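Here is a friendly walk through one protein chain, from its overall build to a single residue. Have a look at the model first, and then read on.

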Amino acid sequence: MTEHRHLRLAPLQQGTIHYRPDDAVDFVVVGSGAAGGVVAKELSTAGFRVVVLEQGPWRNENEFPHDEIKVNELSFFTTDWNKSPNTFRATEKEKANRQPAFVYGRLVGGTSVHFSANYWRFREIDFKEASAKGIPEGTGFADWPISYQDLEPYYTKVDWEVGVAGAPGPFDPPRSRPYPMPPHPPKSTGVLLEKGAKKMGWTAFPAPVAITSKVYDGRSGCVQCGFCLGFGCEVRAKSSSLVTVIPKAIATGRCEVRPNSYVRKVEVSPQGRVTGVKYFDANKKEIYQRAKAVVICANGAETPRLLLNSKSNTFPNGLANSSGFVGTHLMFNGYGVAVGTFEHEINGYKGLVASRIVWDPYELDPKLGLLGGGGYDFRDDLGVTGFAFRGMPPDAPTWGPDFKRYLTRNFNRTVIAAGHCTSLPLKSNSISLDPDVKDAWGLPATRVTYQDHPQDLKVGKWFADKGEELLQAAGALKTWQVPVESQQFGFHLLGTCRMGDDPKSSVVDKYHRTHDVKNLFLVDGSSFVTGGRGQPTMTIQALAFRAGDHIAQFAKRREI
């Protein structure tokens, strides 16, 4: 008998516990996304009193719209660039332009509410690639202070506690336990990827995704709707922090989640210990929440920004920044993208983003003279508005009746070969404070300085070339490439408070404790030493489970 895939779900509860701001709770967690939700759950279930401060609102499924304009153009789930501007420059010598340079989720659950849910594990090589391959000139390429084996139990914890569907492929790293759910069946784009890969001598295998393929942990199975990437899931199939770990944290009776709470500064004592945080509530009233320790999980842009905004007499260059490494070594991940149109309709917009992936080029042949590698999926995740602006070939009409005819015929016949690849850490690529632009709360805006290393551009071009070959092998009638240029916008915000053993060249240790402040921890993509192969959220959550485990042990031993 087929298992029912859809359940009648009770509304998510925000909880009834309310701590006083002058009550020094055990932990304040800044941010409630993929990392913050996990840390809050781990610490509250370990018996500690936790306050989670989230700058965005709490949204329930009945508020989630199937409206491309509202979601993609009007920032329903994400940062509003008019209120939270960021600026961009390619080099430190240039004056930054006011333009969107990154985006992230701004609500309880963060980006995990509306992400693609691709959950690739790192492989062993990702943690020791500098030693194995060498360090390219001009980069901060380095080994991690932890190994895959250190993180594997926590990868498995993500699989089972958050909920990941999949099946081990031919390149899967060692795992201690199977996936908790079977993989999703191949959608149309997955079938085409299988066809193209087979013709090229490669292997397409089930994509590991944090989307339920059956009823799991009281949540419905995926109903394969046409609104996935960028949209919230109305049946809780997408394994966001909002529907997985945060409810478990609240259920302890020890965790309070405060939405619409924008943290502006972490306060420290004259002795250099964190004492709490100052934040703006929904009415822009400033509140000081006392805490015995603080865990910042705000993402790879907002975490360094908060540290830089928290300078004091004790930390004149920014909190926990004696190394000068706060905000440096930003990585966006690399991309090599090709697009193709097919004879028949694909219906690729329906269902989850990717059902099959190819990892054959995860490590490129050294004879190519390229460092790194990555993987592919076939997708159609642009929607109609995105396709109209970014999914058409260079020679397509851009206005009038011909444009409408092209859009009508080809929207549903177009497939993207998305190559996800490496991004080298450069100290000059950074998050800093803009001296001229302020946000709606009067705080300095985030300034992004970023220019891809020539090696990354070469890898991206290799992936674009092979992506075009994949599409042609799958039967595409016409193919073209998205030009590989130095990026001016990023979704993956990694490496800006890197992990390491040496306090002079890193911001946190291997347990995410800052070298400078004993009771301050940073847990999110900012701790990454390298960027992996383009799908970081699985590793962010595995690191968060590991950090939560160790932080709880430190607290129980009174080492914080």
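Contact here means heavy atoms within 4.5 Å. By that rule, among contacts in the chain between residues at least 6 apart in sequence, 75% join residues at least 24 apart.

A word on the source: this is a predicted model, in which local features need pLDDT of at least 70, side-chain atom pairs count only at pLDDT 80 or more, and totals for chains, interfaces and linings use all residues. Residues are numbered from 1 along each chain as its sequence is written, and side-chain values use heavy atoms, with hydrogens and water left out.

The chain holds 12 helices and 17 strands, taken as DSSP runs (helices H or I, at least four residues; strands E, at least two) and numbered from the N terminus. Of its 560 residues, 64% count as buried, that is, under 20% relative accessible area with a 1.4 Å probe, protein chains only.

Some values for the chain as a whole:

| Property | Value |
|---|---|
| C-alpha span along the principal axes | about 70 × 60 × 50 Å |

His453 counts as buried because its relative accessibility is 15%. Beyond its neighbours within four places in sequence, His453 is in contact with Glu137, Thr139, Leu424 and Leu426.

Technical notes: Buried < 20%, exposed > 50% of the residue type's maximum accessible area, 1.4 Å probe, protein only.
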